[in-house]
Amino acid sequence: MPAELQKLRRLLWPCALLYGTGVRIRNLFFDWGLLPSQSYPVPLLCVGNLTAGGSGKTPMVEYLIRLLKERYRVAVLSRGYKRKTRGYVLAGEDSTGSEIGDESCQIKDKYPDVTVAVDANRRRGIQRLLALPEDRRPQVILLDDGFQHRYVHPSLSLLITDCRRIYYRDKLLPVGWLREPSGCANRADLVVVSKCDASLQAAASRIIRDGMNLKPHQSLFFSAITYLPFRGIFPEACASCALDSLQKEDPILLITGIAVPAPLIEAVKKRSEQVEVMSFADHHAFGKKDIRRMETALQRMGTARSLILCTEKDAARIRTNPRFPEAWRSRMYYVPIEMRILFDRGEPLNEQILQHVRLLIEHTDK
């Protein structure tokens with residue numbers, strides 16, 4: 001670690017101590033019942049993390065949607081990070097990222113039959129969902145990024161941690177990236193280590209398990225990201241394109257506006273020798289200067305075969321951004337992703353979740 005960074009971290013330690021003290025006191029108030037935590041008469045599955053920034057929550061939410069949607073009416077509730085609206089918003093077919101947030105927009109686009117809503121006040125959001133007409137009322141609610149929202153008591157809590165930034169190796173904000181002390185992981189029922197290399201060895205997973213020191217009631221799983229065939233951001237203008245079909249000489253302008261772009265960058269660079277990366281902040285709103293930078297990069301590549309590639313989350317913002325030239329549409333793609341569970345543990349995870357939902361619904365119906 002550079003000496004300047006070490007010095008900065010030493011200077012920030014008092015801030016981290018104060019922040020940590022405040023978080024611990026708040027959690028104690030919830031643990032002692034001094035602050036209320038409300039339960040609900042439906043399976044409420046919370047997907048969250050301990051760190052600021054991307055850890056793979058959205059792929060986990062989508063995994064749960066695929067697991068549950070054929071059996072139950074599923075709703076997803078999030079706060080709609082960086083949306084321009086306020087209060088409770090129920091997503092419709094034409095909802096945009098500015099109305100419901102990038103992740104919620106992505107989920108609604110992929111799973112149009114699933115109810116998606118946003119509300120910073122999660123209790124109000126849940127009440128509004130449960131007040132929907134009977135044929136639309138959710139039987140299961142997925143609470144996206146709700147681990148710190150303790151005013152709601154989930155029936156099952158899933159904690160996601162990035163394998164490159166595992167929570168027990170991290171420090172509290174602003175020294176590190178932790179929103180809460182690592183010991184708060186004890187509130188989770190399931191812990192999923194995300195974005196692992198698909199070739200992760202069992203010995204390495206045991207080291208992580210030992211470091212976590214999980215409680216007897218907690219289950220641990222490891223997951224990897226699968227990159228699916230590219231899809232056109234503007235499907236009427238371009239066909240699908242598989243990562244494996246790329247030629248080594250095909251140039252790619254890769255645009256990323258997510259918190260942790262490294263895994264995608266690595267995957268794309270394995271397939272093309274000419275990859276120019278433009279990384280922006282998470283949820284970046286692409287402006288005129290950004291478009292000019294992209295235009296310069298495409299001119300530098302100097303071929304009509306060059307692709308403009310982005311993440312699935314960025315595609316929702318790009319699709320509604322009028323600044324992108326219409327002439328680019330035929331070569332603009334995004335990379336859909338799916339999460340898969342490693343070490344043949346997918347069935348145990350699925351069964352644990354399905355059993356939880358089934359038993360809770362049966363108990364509620366009695």
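Reply: Let's start at Lys195, which counts as buried because its relative accessibility is 16%, and the cut-off for buried is under 20%. Keep in mind that what you're looking at is a predicted model. The backbone is worth a look here too: phi of Lys195 is near 60°, a positive value in a residue other than glycine. You'll find Lys195 in the loop between E7 and H6.

Now follow the chain out of that loop. Helix H6 covers residues 202-212 and lies across E6, strand E7 (190-194) and strand E8 (219-227). Against E8, the helix runs at about 130°.

Is Asp344 buried or exposed? Asp344 counts as exposed, because its relative accessibility is 76% and exposed means over 50%.

There's one more backbone detail to find. Leu173 and Pro174 are joined by a cis peptide bond, with omega at about 0°. Pro174 sits in the loop between E6 and E7.

So what do those strands belong to? E6, E7 and E8 are part of an open sheet of 9 strands, and if you read across it the order is E3-E4-E2-E5-E1-E6-E7-E8-E14, with mixed pairing. At the edges you have strand E3 (89-90) and strand E14 (337-341), each of which pairs on one side only. Another helix to spot on this sheet is H4 (residues 102-110), which lies across strand E2 (74-78), strand E4 (115-118) and E14. H4 runs at about 170° to E4.

On one side, E1 (residues 44-48) runs parallel to E6 (residues 156-162), and 4 bridges join the two. Within that pairing, Cys46 stands opposite Ser157, and Gly48 stands opposite Leu159. E1 also pairs with strand E5 (residues 140-144), again in the parallel sense and over 4 bridges. There, Leu44 has Ile141 as its bridge partner.

How many of the residues of E1 are buried? The count is 5 of its 5. Both faces are covered, with Leu44, Cys46 and Gly48 on one side and Leu45 and Val47 on the other.

Pick out Leu45 and look at what surrounds it. Beyond its close neighbours in sequence, Leu45 is in contact with a whole list of residues, among them Leu64, Leu68, Val140, Leu142, Leu156, Ile353 and Val357. Leu45 is also one of the residues with the most contacts inside the largest nonpolar core, along with Met60, Leu68, Leu142 and Ile353. That core has 37 residues, and its largest share, 7 residues, comes from helix H2 (residues 57-68). Apart from this core lies another, of 22 residues, including Cys184, Ile208, Leu220 and Ala224. As a general rule, nonpolar side chains in soluble globular proteins tend to be buried together.

H2 has a helix partner as well. H2 and helix H10 (residues 346-365) pack at an angle of about 70°, with their axes 11 Å apart. That angle makes H2 roughly perpendicular to H10, and their crossing is right-handed. From H2, the contact is made by Tyr63, Leu64, Leu67 and Leu68, while H10 brings Gly346, Leu349, Asn350, Ile353, Leu354 and Val357.

Over 5 bridges, strand E10 (residues 252-256) pairs with E11 in the parallel sense. To find that pairing on your screen, look for Thr256, whose bridge partner in E11 is Ser279.

Note on methods:
Residues are numbered from 1 along each chain as its sequence is written. This is a predicted model: local features need pLDDT of at least 70, side-chain atom pairs count only at pLDDT 80 or more; totals for chains, interfaces and linings use all residues. Side-chain values use heavy atoms; hydrogens and water are left out. Two strands pair if DSSP finds at least two bridges between them. Contact means heavy atoms within 4.5 Å. Axes are lines fitted to C-alpha atoms, for helices over the stretch in contact, and angles run from 0 to 180 degrees between N-to-C directions. A nonpolar core is a set of buried Ala, Val, Leu, Ile, Met, Phe, Trp, Tyr and Cys residues joined through side-chain atoms within 4.5 Å. Buried means under 20% relative accessible area, exposed over 50%, partly exposed in between (1.4 Å probe, protein chains only). Angles under 35 degrees count as roughly parallel, over 145 as roughly antiparallel, 65 to 115 as roughly perpendicular and the rest as oblique. A crossing is left-handed if the near helix is turned anticlockwise from the far one by less than a right angle, and right-handed if clockwise. Lists of a residue's contacts leave out its neighbours within four places in sequence.
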